[in-house]
Every structure is written in C-alpha cells, then in structure tokens.
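Visitor: Could you take me through one part of this model up close? I would like to start with the metal site and then look at its surroundings in the chain.

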Amino acid sequence: MVTTISDLTDKLDTYLDTEQVETVRRAYYCAEQAHVGQTRRSGEPYVTHPLAVANILADMHMDHQSLAAAMLHDVIEDTEVDKLALSDQFGPTVAELVDGVSKLTQFEFQTQAEKQAENFQKMAMAMARDLRVILVKLADRLHNMRTLDVLEVDKRRRIAKETLEIYAPIANRLGMNDIRIEFEDLGFSTLYPMRARRIQAAVESIRGNRKALVANVEKQIAEQLRKDGVTARVIGREKHLYSIYQKMRSKSRSFTEIMDVFAFRIILNSPDDCYRTLGSIHSLYKPRPGHFKDYIAIPKANGYQSLHTVLFGMHGVPIEIQIRTEEMEQMANNGIAAHWLYKANNQDASVGSHVRARQWVQGLLELQQNAGNSLEFIENVKIDLFPEEVYVFTPKGKILELPLGSTAVDFAYAVHTDIGNSCVGCRINRRLAALSQPLKSGETIEIITAPGANPNPVWLDIVATSRARSQIRHYLKQLKTGEAVELGQRLLNKALTSFDQSFDDVGAKKIAALVNKSGAQDFEQILEEVGLGNRVAFLTARQLLDIQEDAEVNDMAIGHREKPLVIAGTEGMMINFAKCCNPIPGDNIGGHITAGRGVVVHTADCRNYQELQHNDKEGRGVVLGWHQDVEGEYRVELKIEVEQQRGIIASLANKISSLDGSIESIKVEERDAKSSSIHIFLAVNNRIHLARVIRRIRVLKSVVKVERVKR
Ligand code: MN
C-alpha cells in the first residue's frame, strides 16, 4: 500500500520519464493545496484519496496524464480551482480528463437511476469521449468502495448498489475483470453482509475437503504438459463470492452443485501451444460434448480471449478448463488497461499485443486518428462504444434511449403519443430550440405542447424513430379528406409566405400548370397530398412559383473570375472556386488541378478537398495563398436558424445590404410551426466582411443560430 507521494513516484520511475513523473508530483502538490483543510470521513487529509486513486492507476501502468487527472479529479468539483487554471498548469488534456470525471460524478447525485442502470452505464460511456475518463472514474470508485466502512449504512448501501448496477458492468464491458470482481465482492458484502459471510464460510469449509483432489488433477495436467514439452502455469481457480451468489439465485442451483465443479486455468506462451494443449488435455480426460468454446478465434465482445472446455474427471466430477496465453491472461484481468501495461513493460513483446489490443479496441472504440505508433494511439483513444444511440433526460431526470439523429419530435412520441401529437416546440437544456435539432447525449429535453395542435407532415422528414413516424402517419391517415385539404392549404400558404408570396400572387394559370404537370385530378388533390404528408409543402410552393432549383446556384455570375491575380501563384491559369466550400479571401486555401476546370480552389478544411488530397497520386494538388491586394466579391452560403419566419427575410435582407453584402439567393427550409432554417447565398469581400455580417445577423431577435455552410 502506497502511503506517500514519494512511494508513488518511486513506482512511477520504473516506467515513466522523469518529466512525466514530475508532472504527477506537481499534480499531487496542487491537489494537496487545493484540498487543504478538507478531510475524508475517516479523518485523514483529503489528498490521501486522490493519491490512492492515482496509485491504483499506477499499478495498471497508466500514462502520466491519467495519473495527473486522478490526483486532481475532485478539484473542480470541490475546490476553488477551475478547469481553466488546470489547463494553464497541466495542459488541456489533463483539464479535459478532470472535467470529464467531474461530469460523471455530478450525474451520480442528480439521478435516481434505479431502473435505468443500463442506460446510465451506456450514457456514461457515450459521454466520456476519452476512455481515460472512465478509467480514472473506475479507480476513484474502487478506492471509495475499499474505504466504505466509515460511512453510514444508508450511504454505504446506495454506493454499493450503484457500483453493482453501473460500475461493475462498465468494468466488465472494458474487459477489466480484476476490478469488476473487486467491485462485485465489495458491493455484495456491503449490500448483503449476512449472505456474503455465509457463503464465505461455506467456501472455506469445503476448501479443505477438495484440497487433495485439486492437487491430484493439477499434478496430472502438469505431467501431461511436461510430456508435451510445453512450458505452462497451471492455476486452480475458485469462483468469487458474488458469482456463486448469482448462480445460486439466477439458476437456482444449490451451493453444493455450484461448488461441485473443479476449475483450472492453464497459461502458456503462444496460441499454438493453447490449441496443442487442448488436444492433449482432451486425451487425458474425456471432454464433455457441447462444452468446448473457442474464444481465441472468436473473442468475446469485450475482447476476452481463451479456450474453454469441460472434462469428466475421476468419478465423473466435472472439470472446467480455461487455456490461454500470458497476454490473454493480462487482457482478461486488466482489459483495456492492459494496453498501457504492455506499452510500458516490454517494447518487443508489445508489438503483438499492441496489434491485438488495437484490433480489440477498434471493435469497441472509434479512433480519432489513424495512429502510427502506440503513443499516438494511446493519446487519441476516443470512446464511442454506443455510436448509434443518444441518451437524454426528461425534465424529471428519467433517461430515454433514442437512436442517433433523433429529434425532439422523436422524444415527444417516445414519452407519449398525445405529447407527440400536440407538440409545438421544445426546450433543450432549458433553451428554446428547433424541433429539428438532433439531440445529444446528456441533454435535458422539455416538450412544449398546445391544446388543439396537430402533427405536422413535415416532421416525417425530421424523425428518426419508427414509432414517431408511424404515429404521425397514423394521425394523418385518420384525417378526413376535408381536413387534409384544409391542412394542406394552411401548410402551402405558410410555405408561400416564406417566399413573400400568397395564393393570390400565384394565380390560376400556374395552379393549372402544376395540376397538369403532376397528373393530379385537381388542385384539391394536391392540397390533400400536402396535408397527408405525401407531398412537401415547401417544394410544392416552389413549383407553383416556378422556381428552378439549380439555376440560381449554378449560374452565379461573380466578378472575381475575370479578375487577374486573385491568388498568388496561379498566374496564367484558369481558376475556379469550389462550390462545396466557397472559399473567400482570408480562408486558408488549397488547389487541385482538374481537367477542363483549371485550378479548383477549396478551403483547406473542406472535406472534399481533403479527400482529393488524400487520394492524390499524380500530384495534382497545388499550394495556394490569396494575393495580398485581392479584390472582388466572393460567394458564401449562410445557414440561419430562426424561430419564426414572418417578416424575418425582409429584416435579414435589410441587414445584409446595409453592410454591402449582396444577396444572391435565399432558400427557406420550413422545419415546423415555430422555426425554419434559411439558406442565404451572398457575396462578400473577405472573411472580415463576412464576420461583420454574421455578427449583425446574430443579434436579430428571432435568429437562433448563424453558421457558414461548407459542404
Ligand atoms: Mn473521488
């Protein structure tokens, strides 16, 4: 047991650089100072807790940033020191880690997650983008569990329950078996002290009776392996208390039945040895059919690898055997953390395990970068174990799980069909937000309903859940023809308003033309289709107004094409500006030579451009910079989210032209009754000009969000 910082740094000296050890030491003194005067329930100075947490991580040979974060993990939450100060002193990564741990800690107190344990687990994982946040949190919890007895019974029980329901499964998911087992046994004996004691006593009493038999089997196996010429460790295994308890409960088997199994683990040098040993063991004892499992070829979801088999021993006693390599054993015990261990311990052996660790992690995690070396890999491990789901709160703190891309409308229908049907708006984290905004994990969603409100057919485009979609369709189908026509008319009228037009402006001729073109019987049928959600009101409005979708986008005449020397280094070449990212002076740019189009200029951060560069084998990329005297107008696309649209287009247009920005076109995407997003193509001189325009738009009352669009 480490008791002082110098004991810890001695340990760290065995696997970290001097400088890294120094960082951890500084973090210790920073924590000591920040927590000065605070004590733990046991009476010890508070800093002993973060020190112990760091020590747990040091045993797993975790990197210095995790250790620094462990030292500081309660500082943001419990002291005057804030994230910014940590970032100044220890860098942004450590500050992010501490912040991540604090956020997880807050959720513990916020939610009574009794029935929601699984969702909470997943949410915790989804929210901690850096895996090390979870590892620090697990170590924190482990130390708290080890020192639980100073707390009063209620609190002890609550923490133990949470550990069993949330943290043990997380440890399991990450393949960290040692920690999981400790969580389970500590949690179990806290929650059910009597039962734990009874099982413990029973285990001890039969241990004596089994001794001879265990030794006998162990000897036979060892002899067999020696004959085969393989080096191996044979370990007799005992089930841990909580797993015995669970087996008794879930499979309602008696204690004797469960304990009437002998279990051994054989640890070897290579996978090849594992398979050979399996064959050899099968010739020693008769295998039980249907009990062989090859987790080496097909690892478990958490990366666990091993061969499992069950044999009939003497007198028919079942013998469970696990066969694996040392590395697999490390992985099985420490899971994700074994990766750090290998990196630090043995440079050569780490290659194989590193590859495997990476394959394993890739199954679980999304790597931020394609890592060339192990250090980079570790620095950048980002976790996204459940990339397809988001977890959000109701105002009362209940957690709902929704598919990625779900909106407040999905949320509303998930709560109740009536809420969905009468939904008119929403607040996300107490701020008014568009119904179409995709939800993120951890957000609190509040639905605003109004009596007599109806589902909007437009919602069919913004929902991600089949439940919401079928409920909306169900509602729309119920509409009688008359109601559908009426609703269609209302929607179409609203869409026309966004073009500052009305039915009167459209005129009978255009209506007849549309009816003709669409093959509908009459205009009423078109309105009905709009009302039923089979036709999009916005597009129908465009058709009525005879607006051609692409003309305005493609045939933009901007003066800059004639201007020479817009870009330094392109003298005499044809220049085209990419339509995906619309670069303007001041942007970082790059060029790509394209047949027939000369140099196509992209912004450096444009996704298309980066893809082109990535696949560029012929050297078509050119380095570009703006000419210092660049003039002219350059087109950009802005996306403006507004709360309600009546009159807003006029005020936007006024604002923009008062700043000498010329609007080239405006497209309105109606989202729902309360909000829409407006796409404006406008010409500006450069980034400074654009920034001025954005600033002025942003202060308009109904504008929720302004962003430059780069596709
Ligand atoms: Mn703590």
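Guide: Happy to! Along the sequence, the residues that donate to the manganese ion follow the spacing H-x23-H-D-x65-D. The protein donors themselves are H49 (NE2), H73 (NE2), D74 (OD) and D140 (OD), at 2.1 to 2.5 Å from the ion; donors here are N, O and S atoms within 2.8 Å of the metal (3.2 Å for Na, K and Ca), and sites may look incomplete, since water is not among the atoms. Distant parts of the chain are linked by H49 and D74, which are 25 residues apart: H49 sits in helix α3 (residues 48–59), while D74 lies in the loop between α4 (64–71) and α5 (75–78). Helices are DSSP runs of H or I with at least four residues, strands are runs of E with at least two, and both are numbered from the N terminus. H49 and D74 are both buried, meaning under 20% relative accessible area, against over 50% for exposed and in between for partly exposed (1.4 Å probe, protein chains only).

A word on how to read these values: this is a predicted model, where local features need pLDDT of at least 70, side-chain atom pairs count only at pLDDT 80 or more, and totals for chains, interfaces and linings use all residues. Residues are numbered from 1 along each chain as its sequence is written, and side-chain values use heavy atoms, leaving out hydrogens and water.

S436 is placed in the loop between β12 (431–433) and β13 (445–449). Beyond its neighbours within four places in sequence, S436 is in contact (heavy atoms within 4.5 Å) with T407, I462, R671 and D672.
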